Amino acid sequence: MKGINNLEIYYLPIPMDIKYTSLIELIDSKKFTIDEIKASYLALLSMLTDAPTLTNREFVNQVFKVSKMGEIRIAYEFDIEKTQLVIIGSGTIIYEPKLIHGGSYAGHIEDIVVHEKYRGMGIALTILQELSDLGKKKGCYKIILDCKSDIEKFYEKNGFEKRGIQMAKYFTANE
Ligand SMILES: CC(C)(COP(=O)(O)OP(=O)(O)OC[C@H]1O[C@@H](n2cnc3c(N)ncnc32)[C@H](O)[C@@H]1OP(=O)(O)O)[C@@H](O)C(=O)NCCC(=O)NCCS
């Protein structure tokens, strides 16, 4: 496109300012309302599984509960065009205290997800690395997670290896 004096104008993409923090720190920072954080976070989780809405109180209580047992790491940015918070990635680690292994911890990684529009940019990799570092710092002797076979390679690239099989028992509301 030509501009003043017939010079070429190039439109550069707006650089992204992605921030990494914990969900509880984002809530505590009061930069955004609970409504904004909840809406953006549940929208992200719905790209992983069912994430029906919660009241603000339920949402904050659940975040506090998880944060006592571990940490929810997030990546977020402020979308300047839409003037809104976008939580673009997340992953959780839970520390399970063990009586074996000298009373150390087993770390459980859960709910790794990156917003569809932000995939392939290394965001999951960064979050996974942060969770591994947290587990190591806490003194976990191992970190484990469940995943579908189509995602195996992603975890293998990040130092995880296949061990055993997963067993699950789900309970329905009327059981
Ligand atoms: C899986 C997921 C979290 C990856 O997020 P992402 O931010 O796009 O991943 P990254 O950009 O950090 O990818 C890091 C590396 O893993 C690779 N990778 C990403 N997704 C992969 C997949 N599904 N299978 C194999 N490799 C994958 C990337 O190619 C990249 O490798 P490279 O560094 O050699 O290029 C994302 O696709 C997602 O949210 N999927 C839906 C939810 C889900 O399945 N979560 C996992 C639950 S166990």
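**Questions on a predicted model**

Biologist: How many C-beta neighbours does Glu96 have inside 10 Å?

Modeller: Glu96 counts as partly exposed because of its neighbour count. A residue is buried if 20 or more other C-beta atoms, placed from the backbone, lie within 10 Å of its own, exposed if 12 or fewer, and partly exposed in between. This is a predicted model, in which local features need pLDDT of at least 70, side-chain atom pairs count only at pLDDT 80 or more, and totals for chains, interfaces and linings use all residues. For Glu96, the number of C-beta neighbours inside 10 Å is 13.

Biologist: Which residues does Glu96 touch, not counting residues up to four places away in sequence?

Modeller: Residues are numbered from 1 along each chain as its sequence is written. Glu96 sits in strand E3, and its C-alpha is 7.5 Å from that of His108, 12 residues apart in sequence. Two residues are in contact if their C-beta atoms, placed from the backbone, lie within 7 Å. Beyond four places in sequence, Glu96 touches Tyr105, Ala106 and His108.

Biologist: What pattern does the protein follow, read along the sequence?

Modeller: Helices (H or I, at least four residues) and strands (E, at least two) are DSSP runs, numbered from the N terminus. The protein has 5 helices and 5 strands. Their order along the sequence is β-α-α-α-β-β-β-α-β-α.

Biologist: What share of the residues of the protein count as buried?

Modeller: The C-alpha atoms fill a box of roughly 75 × 40 × 35 Å, taken along the principal axes. Among contacts with a separation of 6 or more, 59% join residues 24 or more positions apart. Of the 175 residues, the buried share is 23%.

Biologist: Why are the buried residues of H4 on the same side, and how many degrees do they cover?

Modeller: H4 has the buried residues Ile123, Ala124, Ile127, Leu128, Leu131 and Gly135. An α-helix has 3.6 residues a turn, so residues three or four places apart point the same way.

Biologist: Which exposed residues does the face of H4 turned away from its buried side carry?

Modeller: The buried residues of H4 pack against E2, E3, E4 and E5. The face turned away from that buried side carries Asp133, Lys136 and Lys137.

Biologist: How far apart are the end C-alpha atoms of H3?

Modeller: The expected span of a helix is 1.5 Å times one less than its number of residues. H3 is hardly covered, with 1 buried residue among its 14. At 1.5 Å a residue, H3 should span 20 Å, and its end C-alpha atoms agree with that at 20 Å.

Biologist: What covers the buried residues of H2?

Modeller: In H2, the buried residues are Ile37, Lys38, Ser40, Tyr41 and Leu44. Their cover includes H1, helix H3 (56–69), E3 and E4.

Biologist: Is Lys30 buried or exposed?

Modeller: Lys30 lies in the loop between H1 and H2. Its phi is positive, about 60 degrees, although Lys30 is not a glycine. With 8 C-beta neighbours inside 10 Å, Lys30 counts as exposed.

Biologist: Where is the place of His101?

Modeller: His101 has a positive phi near 50 degrees and is a residue other than glycine. With 12 C-beta neighbours inside 10 Å, His101 counts as exposed. The place of His101 is in the loop between E3 and E4.

Biologist: Which residues around the ligand come nearest?

Modeller: A residue is near a molecule or strand if its C-beta atom, placed from the backbone, lies within 6 Å of it. Strand E4 (105–114), helix H4 (123–138) and helix H5 (152–156) each supply at least two residues of the shell around the ligand. Of the 16 residues around the ligand, those that come nearest are Val114, Arg119, Ala124, Leu125 and Cys147.
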